Amino acid sequence: MSDRQNPGHDAPKGDQSLVRRGRRVAAPPRARRRGLGQVAAAAGIIAFAALALVGPTGVSAWADSRQKLEHRETQLTELRAERDRIANRVELLDPENADPDLVGELLRNNLNVAHPDEIVVPRD
């Protein structure tokens with residue numbers, strides 16, 4: 001027997017539709033749940049799109065990262081030049097083969113030592 005022939009007959013367990021006057025009518029709660037699900041899905045998609053634009057790894061963060069990278073590369077170049085300058089001074093101060101000019105300059109600047117025949121002229 002079909003539901004049309006017996007309108008008072010209970011619907012099968014899996015069927016959640018209502019039977020009114022011999023016709024099936026969709027249950028309103030199911031439609032509401034479907035609508036809420038669609039709204040939730042749309043909200044999720046919008047949230048993911050917003051994070052893709054302004055999130056910590058989004059498009060706008062790429063520009064900031066690129067600018068920071070250029071700044072750090074400039075700093076790295078300056079630090080490498082400073083390291084090379086210091087390495088050169090260390091090489092010139094080798095105890096076995098020290099550069100006499102550099103040793104004299106360091107003695108005069110750091111220890112205020114001068115030869116007896118030198119004349120000291122203050123910068124003031």
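Residues are numbered from 1 along each chain as its sequence is written. Because the model is predicted, local features need pLDDT of at least 70 and side-chain atom pairs count only at pLDDT 80 or more, whereas totals for chains, interfaces and linings use all residues; side-chain values use heavy atoms, with hydrogens and water left out.

The protein contains three helices and two strands, taken as DSSP runs numbered from the N terminus (helices, H or I, at least four residues; strands, E, at least two). Their order from the N terminus is β-β-α-α-α. The mean pLDDT (the predictor's confidence in each residue, from 0 to 100) is 77, and 73% of the residues score at least 70. Confidence is highest in helix H2 (residues 59-92), with a mean of 91, and lowest in strand E1 (residues 18-20), with a mean of 55.

An unreviewed UniProt entry annotates residues 39-63 as "transmembrane region"; UniProt positions are given in the numbering used here, feature names are shortened, and annotations may be inferred rather than shown by experiment. In the model this segment is 84% helix and 0% strand, and its end C-alpha atoms lie 33 Å apart.

Of the 124 residues, 7% count as buried (under 20% relative accessible area; exposed, over 50%; partly exposed, in between; 1.4 Å probe, protein chains only). Among contacts (heavy atoms within 4.5 Å) with a separation of 6 or more, residues 24 or more positions apart account for 0%. The protein exposes about 11600 Å², of which carbon and sulfur atoms supply 57%; areas come from the Shrake-Rupley method with a 1.4 Å probe, and for residues only the protein chains shown count as cover.

Leu-93, Val-103, Leu-107, Leu-111 and Val-113 make a nonpolar surface patch of about 380 Å². Patches consist of residues with over 30% relative accessible area and no salt bridge, with nonpolar side chains (Val, Leu, Ile, Met, Phe, Trp, Tyr) joined within 5 Å and like charges within 9 Å. Leu-107 belongs to helix H3 (residues 100-111) and is partly exposed, at 36% relative accessible area.

Two salt bridges are counted, each defined as a side-chain nitrogen of Lys or Arg within 4 Å of a carboxyl oxygen of Asp or Glu. Glu-82 pairs with Arg-85, the closest N and O atoms being 2.8 Å apart. Both residues lie in helix H2, three residues apart, about one turn of the helix. Glu-82 is partly exposed at 35%, as is Arg-85 at 44%. In the salt bridge between Arg-83 and Asp-84, the closest N and O atoms are 3.8 Å apart. Arg-83 is exposed, at 52%, and Asp-84 is partly exposed, at 47%.
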